[in-house]
Amino acid sequence: MLLDLLIKSVNEFQTDCMRLYQKHYPNIHSEGMDEHHLSLAFSRRLSRTLTKFGHDCEYVALGSTAHFNPIHHYRITSDVGTVWVLASHMVTGGNMCRKTFLQAIDHWQGEYSFAIQPNDLLLLIGDHWFSRNRQSRELIHWWTGQLPDDVEQYTTQGVKLSEADSLLGHLLEDCFSLSPYFVKYTHPLQRPIDKQALRKYVQLYCVAQLS
């Protein structure tokens, strides 16, 4: 039940993002969303979904730490379970950026291990503007383990995607004993000229069950 509602919220969040981008254009359109606004906006979306389906819930900010910026944490508790949300504005998408993200997961897991319950869900959210840097162009493959079927659409928009040497899913299993249940990427922005998805900006989602 909780996993289904979480996935539904991820899908519905795309509409929320479009409204935010329209309201805050051109700032978000040129810079993306910082981790605080990304995690807060999604926590509100999940809370609305849970409430809509008759479940009492609340979301609480767990804060971010200067040692592990740019990460922000939220916990959404309900009568059907708990979701932990960790978000990162992955500015470069490179190895140091990925390492910082993994360090933040490790820090969160250690700090909140007393509160984590079996069957809790962990949602990782990232967003990124692609650049010509090779590691930037690897990010979708690193996150999902595969390149998009419509890779030529990215090339058309100037994004030449590449395969990564390592994969997030393997690192989660090896470092934290976490197995992703659901992995997704989206392009919620649209190009003003033709309303097509703007593939230079990507949002990334990964859901794992905690044990």
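**Notebook: helices, burial and cysteines**

Helices here are DSSP runs of H or I with at least four residues, numbered from the N terminus. The model is predicted: local features need pLDDT of at least 70 and side-chain atom pairs pLDDT 80 or more, while totals for chains, interfaces and linings use all residues. Residues are numbered from 1 along each chain as its sequence is written, and side-chain values use heavy atoms, with hydrogens and water left out.

I checked the accessibility of Tyr 21. Tyr 21 counts as buried because its relative accessible area is 2%; buried means under 20%, exposed over 50%, and partly exposed in between, with a 1.4 Å probe and protein chains only. Leu 189 is 168 residues from Tyr 21 in sequence, yet their C-alpha atoms are 7.6 Å apart.

I searched for disulfides, meaning pairs of cysteine sulfur atoms within 2.5 Å, and the structure has zero. I then looked at two cysteines. Cys 17 is buried because its relative accessibility is 0%, whereas Cys 175 is partly exposed at 48%.

Next I took helix α4, residues 95-111. Its 17 residues reach 24 Å from first C-alpha to last, close to the expected 24 Å, which is 1.5 Å times one less than the number of residues. Buried residues in α4 include Cys 97, Phe 101, Ile 105 and Trp 108.

Last, I found Ser 136 in helix α5, residues 134-137. Ser 136 is buried because its relative accessible area is 0%. Leaving out residues up to four places away in sequence, Ser 136 touches Thr 92, His 128, Trp 129, Phe 130 and Ser 131; contact means heavy atoms within 4.5 Å.

Technical notes:
Helices (H or I, at least four residues) and strands (E, at least two) are DSSP runs, numbered from the N terminus.
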